[in-house]
Amino acid sequence: MAEKVDHLFRTVRSSRGEYTYEQVASEIRDAGGPTISAAYVWMLRNGKRDNPTMKHLEALASFFGVPAAYFFDDEVSQAVNEQLAVVAAMRDAGVRKIAMRASGLSSESLGTIVDMIERVRALEGLPDGADGSDAGSAPEGRTKGSRTPG
């Protein structure tokens with residue numbers, strides 16, 4: 001549980017950076033969610049509490065823009081993390097420029113570009129994917145509000 005909450009804090013951010021525990025707790029309360037304190041959010045993130053109520057999980061999921069199943073379904077967690085990784089990568093201006101320039105190219109041309117990028121990554125001693133996973137993996141994106149991975 002703590003790893004998943006921590007991952008959301010590290011990847012879903014405001015334009016000013018990582019959310020504070022008070023921001024998370026306040027926004028959950030302001031949105032009509034369950035009573036939750038900044039200290040409790042900190043405890044969930046740091047493994048001091050590991051059995052939150054379903055209402056707390058739903059509120060955290062809603063805040064970070066992920067399905068509640070993220071916290072207890074490994075397949076959902078993996079898919080969300082892949083989506084978050086893509087969104088986080090797109091925050092890099094160089095990655096955005098490459099993606100924009102590649103738009104409209106044929107699948108054969110895109111395959112060639114992917115092969116070239118993988119070769120360069122290998123030459124630089126980087127793992128297959130931008131997030132250290134396989135190249136086919138991609139991260140999660142915030143679907144509402146201004147929170148974005150990064």
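Student: How do I read burial for His7: is this residue buried or exposed?

Tutor: Burial compares accessible area with cut-offs: buried is under 20% relative accessible area, exposed is over 50%, and partly exposed lies in between, using a 1.4 Å probe and protein chains only. His7 counts as buried because its relative accessibility is 19%. Before we go on, note that this is a predicted model, in which local features need pLDDT of at least 70 and side-chain atom pairs count only at pLDDT 80 or more, while totals for chains, interfaces and linings use all residues. Residues are numbered from 1 along each chain as its sequence is written, and side-chain values use heavy atoms, with hydrogens and water left out.

Student: Which residues is His7 in contact with?

Tutor: A contact means heavy atoms within 4.5 Å. Setting aside neighbours within four places in sequence, His7 is in contact with Tyr70, Asn81 and Leu84. His7 and Asn81 sit 74 residues apart in sequence, and their C-alpha atoms are 8.6 Å apart in space.

Student: Which element holds His7, and how many helices and strands does the protein chain have?

Tutor: Elements are DSSP runs numbered from the N terminus: helices are H or I with at least four residues, strands are E with at least two. His7 is in helix 1. The protein chain has seven helices and two strands, in the order α-β-α-α-α-α-α-α-β along the sequence.

Student: What is in the largest nonpolar core?

Tutor: A nonpolar core is a set of buried Ala, Val, Leu, Ile, Met, Phe, Trp, Tyr and Cys residues joined through side-chain atoms within 4.5 Å. The largest one here has 24 residues, and those with the most contacts inside it include Phe9, Val24 and Phe64. Helices 1, 2, 3, 4 and 5 each give two or more residues to this core, and helix 4 gives the most, with six. Leaving out residues up to four places away in sequence, the residues that Phe9 touches include Val24, Val41 and Phe64.

Student: At what angle do helix 2 and helix 3 pack?

Tutor: Axes are lines fitted to C-alpha atoms, for helices over the stretch in contact, and angles run from 0 to 180 degrees between N-to-C directions. Helix 2 and helix 3 pack at about 115°, with axes 8 Å apart. The contact is made by Tyr21, Glu22, Val24 and Ala25 of helix 2, and by Ala38, Val41, Trp42 and Arg45 of helix 3.

Student: What percentage of the protein chain's residues count as buried?

Tutor: Of its 150 residues, 31% count as buried.
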